[in-house]
Amino acid sequence: QAALVESGGGSVQAGGSLRLSCANSDSTFLIRATMWYRQAPGKERELVAGLTEDGSAYYGRFVKGRFTISGDGARKSLYLQMNNLKPEDTATYYCVSAGEHYWGQGTQVTVVP
C-alpha cells in the first residue's frame with residue numbers, strides 16, 4: 001500500500017539542526033506531500049509548514065524564520081530543514097498530502113536543553 005515515509009528525526013541539543021525528509025514508499029503511485037504537521041504529547045496537532053501549488057512556502061507562526069520547507073521538482077519528496085531548534089519543538093513530525101488525505105507514520109524530534 002502506498003504511503004508517505006518520514007525520516008531524519010532524532011535527538012539534538014537546543015540550538016542544533018535537523019533535516020526531515022518525506023518520500024513515497026511506492027514509486028508507481030505518487031502521493032504529493034505538501035505539508036508538515038507536528039504533535040507534542042498532550043497538545044493539539046499544529047501546522048508547521050506547507051507548499052502551495054506554485055511552490056510558495058508558508059509557516060506556522062512559531063517557526064519565525066527557523067525552518068525551511070522544500071520539495072524536489074516532481075514533488076516526490078518533501079523536506080523540512082530545522083535550525084535553531086528549541087525544546088518546545090519536541091514533537092512527532094508528520095508529512096501530509098494535499099487535502100490531508102495521506103499521513104506518514106511520523107518521525108520523533110527531541111530537543112534537549
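Colleague: Why is Glu46 called partly exposed in this predicted model?

Modeller: Glu46 has a relative accessible area of 31%. Buried means under 20% and exposed over 50%, so Glu46 falls in between and counts as partly exposed.

Colleague: What makes the contact of Glu46 with Arg38 a salt bridge?

Modeller: The closest N and O atoms of Glu46 and Arg38 are 2.7 Å apart. The cut-off is 4 Å between a side-chain nitrogen of Lys or Arg and a carboxyl oxygen of Asp or Glu, so the pair qualifies.

Colleague: Why is Arg38 called buried?

Modeller: The relative accessible area of Arg38 is 6%. Buried means under 20%, so Arg38 is buried.

Colleague: Which salt bridge do the side chains of Arg38 and Asp89 form, and what parts of the chain does the pair link?

Modeller: The N to O distance between Arg38 and Asp89 is 2.9 Å, and the limit is 4 Å, so this pair too is a salt bridge. Arg38 is in strand β4, while Asp89 is in the loop between β8 (77-82) and β9 (91-97), 51 residues apart. Through shared partners, salt bridges join Arg38, Glu46, Arg66 and Asp89 into one network.

Colleague: Why does Asp89 count as buried?

Modeller: Asp89 has 0% relative accessibility. That is under 20%, so Asp89 is buried.

Colleague: How many salt bridges does the structure hold?

Modeller: There are four salt bridges. One of them pairs Arg32 with Glu53, with the closest N and O atoms 3.3 Å apart. Arg32 lies in the loop between β3 and β4 and Glu53 in the loop between β5 and β6, so the pair ties together parts 21 residues apart in sequence.

Colleague: What makes β2 and β6 edge strands?

Modeller: The open sheet has six strands in the order β2-β10-β9-β4-β5-β6, with mixed pairing. β2 and β6 (57-59) each have a single partner strand, so one side of each is left without a neighbour in the sheet.

How values were computed: Residues are numbered from 1 along each chain as its sequence is written. This is a predicted model: local features need pLDDT of at least 70, side-chain atom pairs count only at pLDDT 80 or more; totals for chains, interfaces and linings use all residues. Side-chain values use heavy atoms; hydrogens and water are left out. Two strands pair if DSSP finds at least two bridges between them. Helices (H or I, at least four residues) and strands (E, at least two) are DSSP runs, numbered from the N terminus. Buried means under 20% relative accessible area, exposed over 50%, partly exposed in between (1.4 Å probe, protein chains only).
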